[in-house]
Amino acid sequence: QVQLVESGGGSVQAGDSLRLSCVASGRTFSGCVMGWFRRAPGKEREFVAAVSWNGGGTSYSDSVRGRFTSSRDRARQTGYLQMNSLKLEDTAVYYCTYKCDSEWSDYWGQGTEVTVSS
């Protein structure tokens, strides 16, 4: 059974930083991509960032590029989302998931809440 457990959220002020973690278990992720999504209050879930499990290549949404960094520690089966220069609009519940083909899996973590205030 695949499990994804996010942590690291919290309440911060604009301009602060947070690092989210996603501990993955239940399968090997070689050849897969770990993704981060978020759902802000009253909005649809949106893609934030992704990291290739093998090569470490990354991709980002336009809204976070240059501020967020996605990485992974294969030995720990853990993905990270370093979030710098946080803005009010980054307030959301952040989720991790993965894909090993063209579609994101049905497995999602429980989410970790990030609240950014002025």
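A residue is called buried if its relative accessible area is under 20%, exposed if over 50%, and partly exposed in between, with a 1.4 Å probe and protein chains only. The structure is a predicted model, in which local features need pLDDT of at least 70 and side-chain atom pairs count only at pLDDT 80 or more, while totals for chains, interfaces and linings use all residues. Residues are numbered from 1 along each chain as its sequence is written, and side-chain values use heavy atoms, with hydrogens and water left out.

Two disulfides were found, a disulfide being a pair of cysteine sulfur atoms within 2.5 Å. One of them joins Cys32 to Cys100, with an S to S distance of 1.9 Å. This link is right-handed, with 100° about the S-S bond. Cys32 lies in the loop between S3 and strand S4 (33-39), and Cys100, 68 residues apart from it, in the loop between S9 and strand S10 (112-117). Strands (E, at least two residues) and helices (H or I, at least four) are DSSP runs numbered from the N terminus. Cys32 counts as buried because its relative accessibility is 2%, whereas Cys100 is partly exposed at 35%.

The other disulfide is formed by Cys22 and Cys96, whose sulfur atoms are 2.0 Å apart. Cys22 belongs to strand S3 (residues 18-25) and Cys96 to strand S9 (residues 92-99), 74 residues apart. The torsion about their S-S bond is about 60°, so this disulfide is right-handed. Both Cys22 and Cys96 are buried. With bonded cysteines counted along the chain, the disulfides follow the pattern 1-3, 2-4.

Contacts (heavy atoms within 4.5 Å) were also listed for Leu4. Not counting residues up to four places away in sequence, Leu4 touches residues including Cys22, Cys96, Phe29, Tyr98 and Tyr107.

Seven aromatic pairs were counted. Rings of Phe, Tyr and Trp (its six-membered ring) pair if their centres lie within 6.5 Å; planes under 30 degrees apart count as stacked, over 60 as edge-to-face and the rest as tilted. Phe37 and Trp104 are edge-to-face, at 5.3 Å centre to centre and 90° between the planes. Phe37 is in strand S4 and Trp104 in the loop between S9 and S10, 67 residues apart. Phe37 is buried, because its relative accessible area is 9%, and Trp104 is partly exposed at 24%. Tyr98 and Tyr107 are stacked, with centres 6.3 Å apart and 15° between the planes. Ring pairs link Phe29, Trp53, Tyr98 and Tyr107 into a cluster.
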